[in-house]
Amino acid sequence: MPYIDSFYTDTQIKIAPFSTLKGHIQADVCIVGAGLAGLTAARELNAGGKSVCVLEANEIGWGASGRNGGFVSDGFAEGIGAIEQELGREHAKSLFQLSQEGTQYVKDRMAGFAVPQKPMGHNWMSVVRHDVGDTMLRKAAQMNEFYGANYEARSTEEVRSLLRTNVYHQGLEDFNAVHIHPLNYALGLADDARKLGAHIFVNSPAIDLQKLTNGFELTTKNGYRIQCGQVVLCGSAYLHNLYPRIEGAVLPVATYVVTTKPMRTLLERAITYRGAISDTRRAGDYYRLVDASQRLLWGGRITTQKSAPKELAKLLGEDIKAIYPQLDQIEIEYAWSGLMGYCVHKMPLLGELEPGIWSATATGGHGLNTTALIGNLVAEAIMGSSDRYRLFSPYKARWSGGLVGRMGTQMAYWAMQAQDWWEERSH
Ligand SMILES: Cc1cc2nc3c(=O)[nH]c(=O)nc-3n(C[C@H](O)[C@H](O)[C@H](O)COP(=O)(O)OP(=O)(O)OC[C@H]3O[C@@H](n4cnc5c(N)ncnc54)[C@H](O)[C@@H]3O)c2cc1C
């Protein structure tokens, strides 16, 4: 399928096109999916001397990787508190440090492309919608001291001087974070991997995977075969009918994004902060100014319905006005949706599923640093240069519940919305 219509596709960089697989080939490693997880793994495996083939069903970064909010920050879809409870403080700290490597990798990689890319902005501020006293101060201190984060608490006055709404109270600012054009990063990474020798094929869905006596054979929809020693599955929420154990463990969850027409003067009445912004509700809003601060890119809501509602632009437009009534003249130019792949534990599925078949997927709604991380770790594992991927081994591929799981997630979302609503009103 071609790219969806989005702000990102309309502002994408030009690189030489990728072709469709036409012929049978061999490679040391075949990667399924050219999102950021697959592309990072491909680049690093090639840099380490492996021959790599990437099969992409659609286009480079066609899935979540080319549609997301563009926030690159440390951490995972699961909160660090929950990871700590599950695995203990030291293990949680090791994982958080890996997540920081992921953030740094994105910054370094984009600066090192043949045509270097820059972040669209720096820092990220997470804000609360009810007064939490000195919680943010304590959180910043704890995260900085123990986890080596680079956070600073913001008072309600500081938040409201940057975000002109009475809805928000205190904030937590992350100075390690950046925000980027994710589709251009994916395209730059694919081009970089290709220059190192990776064979990347678009419009080439893998429809069959068979075990051979010495390796594996993947077949594409056009009937071409790839024989390889190892396979890495990076199809996230878009993988179907190829490896049921992974598909059953990854729950597709949709979220929506809109982008306004250029309207800098109007936007300045509401937002003067140039970093990324989100609220701390369980399924909250996330947004930033893009296109030299002329447009607002706003994301929010989650649902297990795979198709986007007809009135998506209107729906998110109302969400924007509920926070910033002064933006009542706002006009939406683009509206799109994308699927995130979530496991029940909200952590990536990284590991060897059976000898020679790896998964590096399911990064949920916090994938820009974690795809970089798991792409690197799976490459290290296949090259035998480290077994750091084992830090993720407590997070196994558990069945996400199929249709029942989707219904459960939708109901959990409604329950979370109700809880957020209640908390805001009871403070
Ligand atoms: C709207 C939205 C907003 C988000 N905002 C943020 C954010 O601001 N910050 C953040 O950190 N994260 C965010 N995320 C999450 C982040 O985008 C994802 O976690 C990450 O991009 C997942 O990358 P991936 O490579 O694992 O999967 P994807 O990018 O989804 O790529 C999977 C690819 O596999 C291909 N594929 C599937 N099956 C096959 C097959 N059989 N054969 C060949 N190819 C196949 C698909 O076509 C697809 O291109 C957001 C996600 C969405 C949807």
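Colleague: By class, how many residues of the shell around the ligand are charged?

Modeller: The model is a predicted one. In it, 38 residues surround the ligand, with Glu56, Ser65, Thr363, Gly364 and Leu368 the closest. Sorted by class, the shell has 18 nonpolar and 18 polar residues, and the charged residues number two.

Colleague: How much of the accessible area of the ligand does the protein cover?

Modeller: On its own, the ligand has 1,000 Å² of accessible area. Of that area, the protein covers 97%.

Colleague: Which element gives the largest share of the shell around the ligand?

Modeller: Two or more residues come from each of helix 2 (36-47), strand 11 (251-260), strand 15 (332-342) and helix 11 (368-383). Domain 1 and domain 2 each supply at least three residues to the shell. The largest share, three residues, belongs to strand 15.

Colleague: Which element gives the most to the largest nonpolar core?

Modeller: This core has 79 residues, and Ile31 and Ile60 touch the most other members. At least three of its residues come from each of domain 1 (1-117 + 180-250 + 343-396) and domain 2 (121-178 + 252-340 + 402-427). With nine residues, the element that gives the most is helix 11.

Methods:
Residues are numbered from 1 along each chain as its sequence is written. This is a predicted model: local features need pLDDT of at least 70, side-chain atom pairs count only at pLDDT 80 or more; totals for chains, interfaces and linings use all residues. Side-chain values use heavy atoms; hydrogens and water are left out. A residue is near a molecule or strand if one of its heavy atoms lies within 4 Å of it. Accessible areas come from the Shrake-Rupley method with a 1.4 Å probe; for residues, only the protein chains shown count as cover. Helices (H or I, at least four residues) and strands (E, at least two) are DSSP runs, numbered from the N terminus. Ala, Val, Leu, Ile, Met, Phe, Trp, Tyr, Cys and Pro count as nonpolar, Asp, Glu, Lys and Arg as charged, and the others, Gly among them, as polar. Domain bounds come from an automatic or database domain assignment. A nonpolar core is a set of buried Ala, Val, Leu, Ile, Met, Phe, Trp, Tyr and Cys residues joined through side-chain atoms within 4.5 Å. Buried means under 20% relative accessible area, exposed over 50%, partly exposed in between (1.4 Å probe, protein chains only).
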